[in-house]
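Subject: Structure for your files, with notes

Hello,

Here is the structure I said I would pass on. My notes follow it.

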Amino acid sequence: MTITIQREVNGSKGRYAATVEGIEGIAETTYSIASPTLVIADHTGVPDSMRGQGVARALAERFIADARAEGFKIMPLCPFINAERKKHPEWSEVFT
């Protein structure tokens, strides 16, 4: 199974959009850019067709990797991202 994630930015809003080879639909994590050093995770949604495939987790991991690479912090208003943050103390440096 191949998960492909693309990052899209439009002004102060952005999203990570994930597709899975052979499965209909697009999963996403949306965010708001508060400043160059602070991004607010707004929402993660996964269509029923993709549930149980690890797609939401892959979206979170990409978000964390970009935060580390680009030096921004994440405010986890999204319940899923916040829950993943609590499961992964090794990610703590990228959260506010």
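A nonpolar core, as used here, is a set of buried Ala, Val, Leu, Ile, Met, Phe, Trp, Tyr and Cys residues joined through side-chain atoms within 4.5 Å. Buried means under 20% relative accessible area, exposed means over 50%, and partly exposed is in between (1.4 Å probe, protein chains only). This is a predicted model, in which local features need pLDDT of at least 70 and side-chain atom pairs count only at pLDDT 80 or more, while totals for chains, interfaces and linings use all residues. Residues are numbered from 1 along each chain as its sequence is written, and side-chain values use heavy atoms, with hydrogens and water left out.

Core

The largest nonpolar core has 25 residues. Those with the most contacts inside it are Ala27, Val55, Leu59, Phe63, Ile74, Ile81 and Phe95. At least two core residues come from each of strand S2 (13-20), strand S3 (23-35), strand S4 (38-45) and helix H1 (55-70). Helices (H or I, at least four residues) and strands (E, at least two) are DSSP runs, numbered from the N terminus. H1 gives the most to this core, with 8 residues. In soluble globular proteins, nonpolar side chains tend to be buried together.

For contacts, the cut-off is heavy atoms within 4.5 Å. Leaving aside neighbours within four places in sequence, Ile81 is in contact with Thr29, Ala41, Thr44, Ala60, Phe63, Pro76 and Phe95.

Helix H1

The expected span of a helix is 1.5 Å times one less than its number of residues. For the 16 residues of H1 that gives 22 Å, and the end C-alpha atoms are 22 Å apart, which agrees. Buried in H1 are Val55, Ala56, Ala58, Leu59, Ala60, Phe63, Ile64, Asp66 and Ala67. What do the buried residues of H1 pack against? They pack against S1, S2, S3, S4, strand S5 (73-76) and helix H2 (79-87).

Ala67, in helix H1, counts as buried because its relative accessibility is 2%. Not counting residues up to four places away in sequence, Ala67 touches Phe72, Ile74 and Val94. Ala67 and Glu84 are 17 residues apart in sequence, and their C-alpha atoms are 15 Å apart in space. Just after H1, Gly71 takes a positive phi of about 80°.

Hairpin

Two strands pair if DSSP finds at least two bridges between them. S1 and S2 pair in the antiparallel sense over 8 bridges, with Asn10 opposite Lys13 in S2. The two strands form a hairpin with 2 residues between them. Gly11, in the turn, has a positive phi of about 65°.

Salt bridges

Side chains of opposite charge can pair when their charged atoms come close. A salt bridge here is a side-chain nitrogen of Lys or Arg within 4 Å of a carboxyl oxygen of Asp or Glu. The structure holds 10 salt bridges. One of them joins Arg7 and Glu70, with the closest N and O atoms 2.6 Å apart. This pair links distant parts of the chain, as Arg7 is in strand S1 (residues 3-10) and Glu70 in helix H1, 63 residues apart. Both are partly exposed, Arg7 at 30% relative accessibility and Glu70 at 46%.

Arg15 and Glu28 also meet in a salt bridge (2.6 Å, N to O). Arg15 lies in strand S2 and Glu28 in strand S3, so the pair ties together parts that are 13 residues apart in sequence. Arg15 is partly exposed at 23%, and Glu28 is partly exposed at 22%.

Asp48 forms a salt bridge with Arg51, at 3.0 Å between the closest N and O atoms. Asp48 and Arg51 are both exposed. Salt bridges that share partners join Arg7, Arg62, Asp66 and Glu70 into one network.

Aromatic pairs

Rings of Phe, Tyr and Trp (its six-membered ring) pair if their centres lie within 6.5 Å; planes under 30 degrees apart count as stacked, over 60 as edge-to-face and the rest as tilted. By this rule there are 4 aromatic pairs. Among them is a tilted pair of Tyr16 and Tyr31, 5.5 Å centre to centre with 40° between the planes. Tyr16 is in strand S2 and Tyr31 in strand S3, 15 residues apart. Tyr16 and Tyr31 are both buried.

Phe63 and Phe72 form a tilted pair, 6.3 Å centre to centre with 50° between the planes. Phe63 is buried at 0% relative accessibility, and Phe72 is buried at 6%. Ring pairs link Tyr16, Tyr31, Phe63 and Phe72 into a cluster.

Regards
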